[in-house]
Amino acid sequence: MDPTTDNAAPTGDPAAARAALEALRAEIAKAVVGQDPAVTGLVVALLCRGHVLLEGVPGVAKTLLIRSLAAALELDTKRVQFTPDLMPSDVTGSLVYDARTAEFSFQPGPVFTNLLLADEINRTPPKTQSSLLEAMEERQVTVDGTPRALPDPFLVAATQNPVEYEGTYPLPEAQLDRFLLKLTIPLPSRQDEIDVLTRHAKGFDPRDLRAAGVRPVATAADLEAARRAVAATTVSPEITAYVVDICRATRESPSLTLGVSPRGATALLATARAWAWLTGRDYVIPDDVKALALPTLRHRIQLRPEAEMEGVTADSVITAVLSHVPVPR
């Protein structure tokens, strides 16, 4: 991308970087209708160097959302369809013998990208699921004892179907905890669905984002400037204590067998800082914590079977906790 184009923001300027990231919503909306919360969640994850679990029924534009985000940020993206016969080397890469040189050379897998879409991650066995753990946590892949760094930025957006569990391998709690956010992709409203069909009737092709008008509006340099600004966002001792109190309250909930871990508490603090900066502040307020509590914590708790049978959900437990924990003044 030419840095002199009208859409590009000057590198290193936090205010310009914020404007560039805010422009993502309008740019992605050229291809994806009515998914602003998911777009915001993905931007927050990029700012926090985290990963996202997208949950939604088939056909709600999860793949299109990731492709549109990558196009608007001018980042490389790859997609892996997770299936029962997928091997770890199909994700991370492997050593390939070269007969001409009589040596083994490393052939990078699709994980060597900026945005990796792990489609239907719960359809592959735990051995292959775990191949992503090192990449997500350490930002590297180790093959034959040699660590290989992944590009920066690097984000895994994994999808799973919430209604079809036959033949799937549910992600264990330890792996779920590696995802910064769990975003639910709802079915569109009636008007949004009309807009989708109208676009298709006019010739919209989801495989041709350039024809849809999606252009780069931010760069990796903008993202790095934004990350530095987020890291400088002030967090008062009262806000830190508020985050801890929320997470500790989940551990005491009678509806749960597993509450939020300390890693979840640090994740909530990080996402609240990113949200505060995106909304134009250099300090965190309680509303920032509340705004990110559901997507940051919903996958880090485990319901008791009897509570689940009574219709209790992870979101309802977290909402109840937020209503009972005293808010700092």
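This is a predicted model: local features need pLDDT of at least 70, side-chain atom pairs count only at pLDDT 80 or more; totals for chains, interfaces and linings use all residues.

**Exercise 1. Find how many disulfides the structure holds, and explain the result for Cys 247.**

Solution. 
- Step 1: Start with the count. A search of the whole structure gives zero disulfides.
- Step 2: Apply the cut-off. Two cysteine sulfur atoms must be within 2.5 Å to count as a disulfide.
- Step 3: Turn to Cys 247. Its closest cysteine sulfur, in Cys 48, is 14 Å from its own, so the two are too far apart for a bond.

**Exercise 2. Are Cys 48 and Cys 247 buried or exposed, or something in between?**

Solution. 
- Step 1: Recall the limits. Buried means under 20% relative accessible area, exposed means over 50%, and partly exposed lies in between.
- Step 2: Cys 48 has 22% relative accessibility, so it counts as partly exposed.
- Step 3: Cys 247 has a relative accessible area of 0%, so it is buried.

**Exercise 3. Work out which parts of the chain the salt bridge between Arg 49 and Glu 224 ties together.**

Solution. 
- Step 1: Check the contact. The side chains of Arg 49 and Glu 224 form a salt bridge with an N to O distance of 3.2 Å.
- Step 2: Arg 49 sits in the loop between helix 2 (36-47) and strand 1 (52-55), while Glu 224 is in helix 9 (residues 220-231), so the pair joins parts 175 residues apart in sequence.
- Step 3: Arg 49 is partly exposed at 37% relative accessibility, and Glu 224 is partly exposed with a relative accessible area of 26%.
- Step 4: Widen the view. A network of salt bridges links Arg 49, Asp 152, Glu 224 and Arg 227.

**Exercise 4. Describe the salt bridges Arg 300 with Asp 177 and Asp 288 with Arg 281.**

Solution. 
- Step 1: In the Arg 300 and Asp 177 salt bridge, the closest N and O atoms are 2.7 Å apart.
- Step 2: Arg 300 lies in the loop between helix 12 (286-297) and strand 11 (302-303), and Asp 177 in the loop between helix 7 (173-176) and strand 9 (181-184), so this pair connects parts 123 residues apart in sequence.
- Step 3: Both Arg 300 and Asp 177 are buried.
- Step 4: Asp 288 and Arg 281 meet through their side chains at 2.7 Å, N to O, and both are buried.
- Step 5: For context, the structure holds 14 salt bridges.

Definitions and conventions:
Residues are numbered from 1 along each chain as its sequence is written. Side-chain values use heavy atoms; hydrogens and water are left out. Buried means under 20% relative accessible area, exposed over 50%, partly exposed in between (1.4 Å probe, protein chains only). A salt bridge is a side-chain nitrogen of Lys or Arg within 4 Å of a carboxyl oxygen of Asp or Glu. Helices (H or I, at least four residues) and strands (E, at least two) are DSSP runs, numbered from the N terminus.
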